[in-house]
Amino acid sequence: LGRSGTGAGGGRGTGRVHGGDAPPEPGAVLVVRTLDPDLAPLLPGLGGMVAETGSFLSHLAILAREFGVPTAVGVDDAVARFPAGATVVVDGTTGEVTLLDEGNRGTA
């Protein structure tokens with residue numbers, strides 16, 4: 001399953017969607033509703049970032065490019081479509097976000 005938004009740069013990355021309040025693990029993909037500038041300290045080490053809103057020219061998208069974090073903005077229903085623990089591929093050039101698997105949710 002794929003969902004396209006607008007590529008905001010950073011190349012292509014694969015990782016597990018981050019969930020919870022703890023800092024994301026290295027290589028995690030951050031999936032958010034909005035590109036909040038307060039997320040900037042989390043950028044180093046992210047495997048990707050996906051936002052439901054935002055622009056290629058937003059402050060956080062520019063910072064993500066500087067850190068080489070693959071970023072897609074304007075991805076409809078991203079938070080619901082890409083749940084915590086799922087593995088996704090983020091293409092910062094095309095804006096495509098592909099769900100590879102839904103992780104181990106609900107398993108022991």
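User: In which sense do β5 and strand β6 (residues 71-73) pair, and over how many bridges?

Analyst: First, the ground rules. This is a predicted model, where local features need pLDDT of at least 70, side-chain atom pairs count only at pLDDT 80 or more, and totals for chains, interfaces and linings use all residues. Residues are numbered from 1 along each chain as its sequence is written, and side-chain values use heavy atoms, with hydrogens and water left out. Strands of a sheet pair through backbone hydrogen bonds, either parallel or antiparallel. Two strands count as paired if DSSP finds at least two bridges between them. Strands are DSSP runs of E with at least two residues, helices are runs of H or I with at least four, and both are numbered from the N terminus. Here β5 and β6 pair in the parallel sense over two bridges. Met49 stands opposite Thr71 in β6. Val50 stands opposite Ala72 in β6.

User: Through which helix does the chain cross from β5 to β6?

Analyst: Through helix α1 (residues 59-67), in a right-handed β-α-β crossover. Right-handed means that, with the strands pointing away from the viewer, the path from the first strand over the helix to the second runs clockwise.

User: What is the order of strands in the sheet?

Analyst: The order is β2-β6-β5-β4, an open sheet of four strands with mixed pairing. The edge strands are β2 (6-7) and β4, and each pairs on one side only. β4 pairs with β5 in the parallel sense over four bridges. Val31 stands opposite Val50 in β5, and Val32 stands opposite Ala51.

User: Which residues cover the two faces of β5?

Analyst: In a regular strand the side chains alternate between the two faces of the sheet. On β5, Gly48 and Val50 lie on one side, Met49 and Ala51 on the other, and all are buried. Buried means under 20% relative accessible area, exposed over 50%, and partly exposed in between (1.4 Å probe, protein chains only). Both faces of β4 are covered too: Val29 and Val31 on one side, Leu30 and Val32 on the other, all buried.

User: Is Asp38 buried or exposed?

Analyst: Asp38 is exposed, because its relative accessible area is 64%. Asp38 lies in the loop between β4 (29-32) and β5 (48-51).

User: Which residue has its charged end over the ring of Phe56?

Analyst: A charge sits over a ring if NZ of Lys or CZ of Arg is within 6 Å of the ring centre and within 35 degrees of the ring normal. Here Arg65 does so, 3.9 Å from the centre of the Phe56 ring.
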